[in-house]
Amino acid sequence: MSKIRVYELAKELEITSKELIAILKDEFGIEVKNHMSVVEEEDAALIKELLGGEDKEPGTEKTEKSLVDEYEEILEEEVVNLAKKKKKSKRELAQEKIDAEKAQEVTSGIQIGEFITVKDFADKLGKPVAEVIKALIFSGIMAGINQEIDFETAQKAAEKLEVEIVQVKDASSGIADEDQEDALDVNLEKRPPIVTVMGHVDHGKTSLLDAIRKAKVMESEAGGITQHIGAYTITINGEKITFLDTPGHEAFTAMRARGAQVTDIVILVVAADDGIMPQTAEAINHCKAAGVPMIVAINKIDVEGANIERVKQELTEYGMVAEEWGGDTICVPVSAKAKIGIDDLLEMVLLTAEVEELTADSNRRAAGTVIESELDKGRGPVATLLVQKGTLNVGDSILVGSTYGRIRAMFDDKGKKIKSAGPSIPVEILGLSEVPQAGDKFNEVKDEKTARGMAEARKIKEKSLQQSTMRVSLEDLYNQVKEGKIQELPIIIKADVQGSIEALRGTLEKLSTDEIKVRVIHGGVGAITETDISLAAASNAVVIGFNVRPDNNAQILAEKDKVYVKTYRVIYHAVDDIKAAMIGMLAPDIKEVIQGRVEIRQTYKVSALGTIAGCYVLSGKITRNSEIRLLRDGVIIHEGRLASLKRFKDDAKEVHAGFECGLSIDKFNEIKEGDIIEAFIMESIVRKEL
């Protein structure tokens with residue numbers, strides 16, 4: 001018996017897939033998972049007959065609906081029409097309500113904004129500027145008369161001066177608090193979905209983007225002008241889709257680490273002849289950590305050795321079951337080269353967007369995210385912005401991260417000059433004072449003066465935040481749980497073999513309690529890399545290495561982003577440490593301190609002595625008494641001590657970075673060129689009082 005998909009039936013009945021799913025469940029008792037589920041043709045015919053009204057006699061339609069339903073529909077229609085007529089007044093009322101609530105909250109004390117200059121602060125307190133500066137100095141802050149300070153700094157000075165101050169938000173700046181945004185966005189309208197394409201290298205990400213661009217953008221462009229702004233918009237079936245042309249999951253996670261969640265849907269590209277590869281697995285874990293819906297595009301279906309079913313089978317290992325197999329993962333076979341399945345893929349994107357109910361208020365001050373930026377020789381700082389809320393216009397003043405500016409010119413993805421851009425539309429702008437960073441959020445403010453003041457104050461705040469960033473660590477885990485700061489411990493596992501990852505994953509996730517859930521968000525084979533540290537920073541996770549070490553760049557990034565990394569040689573030590581951390585009993589007596597890293601550049605075999613290594617000290621130092629571990633491709637091969645350390649023909653106590661040396665390892669000769677020796681010592685630390 002033939003079947004029909006829910007979304008196809010919804011299209012015939014001219015209703016949304018979501019409405020049809022609700023009708024099937026409530027009226028007909030048919031359970032369907034989503035818009036891609038199938039309905040028997042017999043049931044579909046019955047639904048068409050009842051909902052379509054094809055065989056009904058004239059005048060019988062009203063019997064299908066109760067008078068209460070009719071009244072509710074009429075009332076809802078009137079409310080919508082009234083809201084459309086009074087858009088501005090409704091928004092003004094919402095803002096007035098928030099202002100009234102704030103005024104009620106502020107019962108006493110001098111009102112101070114988020115940022116204020118020292119002079120204005122002194123005027124508000126009614127005290128001499130010199131006295132205020134003196135109070136700031138005693139609070140540990142050096143500030144001049146015209147320098148801006150944040151509310152926290154002002155509060156410290158006010159305590160010294162025995163004055164009470166209260167923080168109020170400046171509504172005129174147009175930057176709403178997170179908890180106010182829902183109240184202000186009263187005129188929600190449907191917006192285009194924002195899509196990112198991710199996957200393994202050489203699986204056809206760029207080819208797929210090019211195929212979509214040529215099929216849906218280039219055909220409408222005179223002379224075939226290609227965009228270069230990192231994002232573009234296409235139109236299919238009268239609806240728009242915005243694509244982010246990003247380098248992959250690293251950029252995706254880097255932006256998320258900066259608090260920018262710009263992607264609505266991810267297209268995961270998997271080659272039909274290659275299957276799931278390491279970067280594909282990383283992309284899946286990054287998307288799951290971000291909670292973004294994924295559509296799998298099985299590419300290269302026209303090449304020799306393509307096996308679509310094998311790809312679907314491999315996806316199940318990552319908890320992604322194809323819809324054809326009873327799951328909820330949409331899999332679309334495509335060929336970017338032969339232009340096969342492109343329209344089907346785009347249609348699935350639109351259907352997923354419909355289910356997600358993506359909306360935004362275009363009748364408000366603009367807000368969004370920086371996609372990419374550069375310093376152009378002729379035009380100055382240039383930034384590609386993705387508008388997420390409101391409408392951005394030429395001439396608007398904007399605050400972007402810790403920089404600011406007034407928009408002098410704005411271009412769309414085809415390089416054409418435009419005057420305004422609404423939600424989900426990417427634009428390239430000129431007029432910023434500095435080059436912002438990708439992932440910075442932007443907000444429209446009332447004027448350039450306000451933007452400049454807030455940008456300067458943000459720079460001051462960023463410096464203080466960098467020093468006080470709170471990251472989760474095993475040593476402080478118990479305290480953070482008790483204070484209610486975290487309810488979940490995300491963990492990234494890197495190991496030398498896949499079996500160790502599965503063993504660790506299963507054991508650690510069983511440690512979850514009512515107070516804290518342990519969740520492994522990513523597992524991979526090989527050394528701990530910068531990508532792992534970026535994901536940990538974005539997800540506030542701890543990184544556990546089993547028989548592997550972080551590479552040099554990863555170690556530097558971990559220190560910079562304050563990501564907690566711990567390595568183990570015995571699996572039960574890792575389990576015991578996390579178990580102890582969860583009950584507040586983890587307090588190690590000794591701590592490992594990395595002294596330096598040494599690269600082996602040449603080896604010599606001497607019959608009497610064994611293998612001698614000619615080395616170069618990359619960083620730090622190596623001493624004669626150092627404990628060492630030998631790393632090959634990030635995996636620990638051996639741990640032990642040095643048998644000898646020499647500079648030329650002389651014995652050396654220590655050798656520093658930038659110098660060459662010769663060494664041999666005690667009772668170990670399997671040394672190869674390119675191996676890395678990590679020198680470390682174990683230091684005693686004071687036991688914490690719990």
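Among contacts in the protein between residues at least 6 apart in sequence, what percentage join residues at least 24 apart? The figure is 70%. Keep in mind while looking around that this is a predicted model.

**Whole chain.** Start with everything shown. The protein has 690 residues, and 46% of them are buried. Its secondary structure consists of 20 helices and 34 strands. With a surface displayed, the accessible area is about 35,600 Å², and carbon and sulfur atoms account for 49% of that.

**Helices 7 and 8.** Select residues 129-138 for helix 7 and residues 151-160 for helix 8; their axes come within 8 Å and cross at roughly 105°. Helix 7 is therefore roughly perpendicular to helix 8. Now show side chains: Ala 135, Leu 136 and Phe 138 of helix 7 meet Thr 153, Ala 157 and Lys 160 of helix 8. By class, this contact has four nonpolar residues, one polar and one charged.

Move on to an open sheet with mixed pairing, whose strands run in the order 9-10-8-11-12-13. Strand 9 (231-236) and strand 13 (330-333) are the edges, each pairing on one side only. From one strand to the next, the twist averages 30°. Select strand 12 (residues 294-299) beside strand 13: the two pair in the parallel sense over four bridges. Ile 298 stands opposite Pro 333 of strand 13.

**Helices on the sheet.** Last, select helix 14 (residues 342-356), which lies across strands including strand 10 (239-244) and runs at about 100° to strand 10.

Key:
Residues numbered from 1 in each chain as written. Predicted model: local features only at pLDDT ≥ 70, side-chain atom pairs only at ≥ 80, totals over all residues. Heavy atoms only, no water. Buried < 20%, exposed > 50% of the residue type's maximum accessible area, 1.4 Å probe, protein only. Contact = heavy atoms within 4.5 Å. Areas by Shrake-Rupley, 256 points an atom, 1.4 Å probe, with all protein chains shown as cover. Axes fitted to C-alpha atoms, helices over the stretch in contact; angles between N-to-C directions. Parallel < 35°, antiparallel > 145°, perpendicular 65-115°, else oblique. Nonpolar A, V, L, I, M, F, W, Y, C, P; charged D, E, K, R; others polar. Pairing = 2+ DSSP bridges.
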